[in-house]
Amino acid sequence: MNHPQPPETSNEPLAPGQRLPESERKEFSPEAIAEIQGIMAKFPDKLAATLPALYIAQREFGFVSLAAMKAVAKAIGIPEGHVFGVATFYTMYQKAPVGKFHFSVCTNISCALRGAAQLLEKVCEKTGVKPGQGPSPDGMWSVEEVECLAGCGVAPCIQVNQDVYDELVDEQKLIEVMEACKRGEYRPWAQ
Amino acid sequence: MAAIRTKRDPHTYTFPGFGTDKFPNLMLRGAGDLDNWHLKVYEQQHEGYVAMKQALKMEPVAVTEEVKASGIRGRGGAGFPAGLKWSFMPKDTPERKLTRYLVCNGDEGEPGTFKDRVILEYNPHQLIEGMIIGGWAMQCAVGYIYIRGEFLWLIEKLEAAIQEAREAGYLGKNILGTGWDYDLLVYRGAGAYICGEETALLNSLEGRRGEPRVKPPFPAAKGAFGQPTTVNNVETLAAVPPIIRMGGAEYAKIGTPKNTGTRIFGVSGHVKRPGIYELPLGTPMNFLVEELAGGSSTGKKIKAIIPGGASAPMFDEKDFDCPLDFDTVKARGSMAGSGGLIVMDEDTCIVQATLRLIKFYAHESCGQCTPCREGCNWMEMILYRIEHGEGRMEDLDLLASLTPRISMRTLCPLGDAACGPMDSALQKFRHEFEHHITHKTCYTTGSKLLSTVGAH
Ligand SMILES: Cc1cc2nc3c(=O)[nH]c(=O)nc-3n(C[C@H](O)[C@H](O)[C@H](O)COP(=O)(O)O)c2cc1C
Ligand code: SF4
Ligand code: FES
């Protein structure tokens with residue numbers, strides 16, 4: 001008997017045989033290396049620099065590509081496998097390119113009670129992309145469904161790139177946010 | 001650089017009577033005021049760093065004793081007495097000098113919880129002061145503050161606040177002439193609910209995957225970087241300055257005898273004034289939901305309330321009068337957890353709500369233990385088919401038989417946490433599940449908690 005199954009989650013680890021998209025950039029800039037070394041020096045163990053270095057890689061490479069992970073391993077002097085394991089464990093490291101404005105929409109319970117599911121549908125409709133699908137053809141938008149953002153009291157909320165949340169988002173507010181993105185009032189991804 | 005927030009966040013923080021003896025405001029002083037994160041404002045308007053100066057003149061053990069006397073229980077979820085936890089930290093002996101760490105848990109990922117964020121937003125210096133006092137009491141070398149990755153703007157604000165404290169001489173070498181060196185380091189998480197569990201947090205802080213560790217050894221024996229460590233929630237640490245300032249015994253008079261002090265409750269869902277309310281422990285739930293949060297926002301009756309963040313079993317109508325303290329909520333079959341109340345009205349489909357919650361646990365399970373990894377996924381799949389009209393009556397027994405095989409059989413409490421909503425929903429709202437199976441549609445009308453755009 002066949003039962004419907006819930007859809008696969010988009011930020012699932014890689015399927016067997018699936019390859020990570022590649023980035024153009026292959027190496028860190030000297031400034032990034034210096035920054036990573038500064039972080040390594042702050043902690044008792046250099047391994048602790050893994051998470052911060054992956055953020056730096058995300059900023060420099062645009063997303064955490066395989067080359068970015070290798071560059072992190074080389075910069076810290078730790079096994080590539082460790083970096084790969086860490087990068088794929090955490091959802092905030094994007095393992096594929098995202099749009100210039102990446103929308104994280106919380107659909108967890110408190111937001112859902114206040115219309116987050118409908119909001120997510122609106123976001124998809126207005127940007128023309130679905131969660132986990134990569135950026136829109138013009139490179140402007142991408143969408144991700146995320147778990148609780150700790151903005152439950154002012155639900156539903158969305159985060160654009162890694163900025164301050166936009167709260168109590170309805171259709172009108174969503175249009176305003178998108179217009180503000182186009183006007184350059186939000187920092188573009190990875191800057 | 002993310003911008004330091006310039007617009008006020010729209011949460012509700014206050015109510016008539018807040019700040020009086022009946023409803024002391026120990027934690028939410030100045031919430032809503034965007035300049036409040038500056039050291040100057042904190043010192044001039046909120047008795048800032050008075051407690052720290054007092055504590056640094058006391059013996060470290062005496063500080064721990066004061067916290068013990070206050071009776072404060074951890075605000076992160078488990079409600080473990082903070083003073084007792086501090087006293088577990090091993091001390092230096094003449095032969096052996098130890099490096100001890102204090103870690104602040106600012107991962108705040110429990111759905112329905114948004115309280116630590118307010119402290120970081122408006123009162124970061126109270127947290128810094130609490131961490132200095134805690135660091136002194138346990139004679140720590142460094143304090144790490146682990147904050148979830150999404151809070152980038154709060155991390156930058158906190159770092160700016162820490163810099164102000166350094167410049168004032170409250171952090172660094174030989175703090176205020178005591179000969180004690182101590183500094184704070186902020187660490188940014190990267191999106192994983194499980195990193196809120198204290199040993200997973202320690203792994204993450206060390207730059208590893210956030211997988212919980214086997215206990216024992218407990219963090220007090222072997223924690224961050226292999227050294228003795230204490231992990232406390234943001235709110236627990238931020239409560240320390242008022243405790244020292246007023247004295248443990250005085251603090252213990254707030255709340256009820258075994259559940260002392262105030263805590264920050266967050267109310268979300270179907271209420272008129274969702275937001276953050278600081279109340280003494282033991283305040284009845286219906287006072288908070290009806291009086292302060294204004295009752296149902298939809299005009300419909302309230303059907304269920306989750307009293308302590310998503311992991312807490314749901315309450316139905318007969319428990320809406322429950323006093324919100326750790327012991328009573330537990331005695332009534334739920335948990336006070338993180339203090340986040342999620343209110344659902346009559347039109348909410350409990351099957352959808354449960355499915356959404358279980359989907360969260362299935363997604364966030366770290367995958368180390370089979371019962372949690374497989375069990376949560378199976379619960380999700382079974383609920384999914386019930387919700388989509390393809391459930392069978394046996395599915396309900398199957399669900400009920402799954403939870404005892406997950407609960408208490410896993411490395412960390414995430415597995416148990418997933419069982420809380422599942423069990424309580426089945427016990428209290430079984431008819432909704434049955435209706436879904438027999439009628440292939442919701443018992444309620446118009447409940448749309450799940451998006452149709454699929455992939456998550
Ligand atoms: C799955 C899981 C998630 C948790 N998330 C958090 C969290 O986000 N914040 C927090 O302070 N404690 C969280 N905890 C509780 C911590 O493990 C720990 O008990 C707490 O940080 C101790 O601090 P306290 O004694 O001050 O409460 C979580 C526990 C579990 C099992
Ligand atoms: S209970 Fe779940 S989250 Fe916790 S260690 Fe086991 S698999 Fe990981
Ligand atoms: S449930 Fe959406 S922010 Fe908490």
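**Entry 1: helix α8 of chain B**

Helices here are DSSP runs of H or I with at least four residues, strands are runs of E with at least two, and both are numbered from the N terminus. I noted that this is a predicted model, where local features need pLDDT of at least 70 and side-chain atom pairs count only at 80 or more, while totals for chains, interfaces and linings use all residues. Side-chain values use heavy atoms without hydrogens or water, residues are numbered from 1 along each chain as its sequence is written, and chains are lettered from A and ligands numbered from 1 in the order in which they are written.

Buried means under 20% relative accessible area, exposed over 50%, and partly exposed in between (1.4 Å probe, protein chains only). The buried ones include L201(B), L202(B) and N203(B). I looked up what covers them and found, among others, α2 of chain A, plus β1, β2, β3 and β4 of chain B.

**Entry 2: R100(B)**

I found R100(B) in the loop between α4 and β1 of chain B. R100(B) is buried, at a relative accessible area of 4%. What does its side chain reach at 3.0 Å? That is the backbone oxygen of P90(B). I also saw a polar contact of 3.2 Å between the side chains of R100(B) and D92(B). A polar contact is a pair of N or O atoms within 3.5 Å; within protein, one must be able to donate a hydrogen and the other to accept it, and residues adjacent in sequence count only if both atoms are side-chain atoms.

**Entry 3: where A meets B**

I then checked the two chains: 62 residues of chain A are in contact (heavy atoms within 4.5 Å) with 77 residues of chain B. I noted 23 residue pairs in polar contact between them, both residues at pLDDT 80 or more. On the side of chain A that touches chain B, α6(A) gives the most, with five residues. By class, that side has 32 nonpolar, 18 polar and twelve charged residues. Ala, Val, Leu, Ile, Met, Phe, Trp, Tyr, Cys and Pro count as nonpolar, Asp, Glu, Lys and Arg as charged, and the others, Gly among them, as polar.
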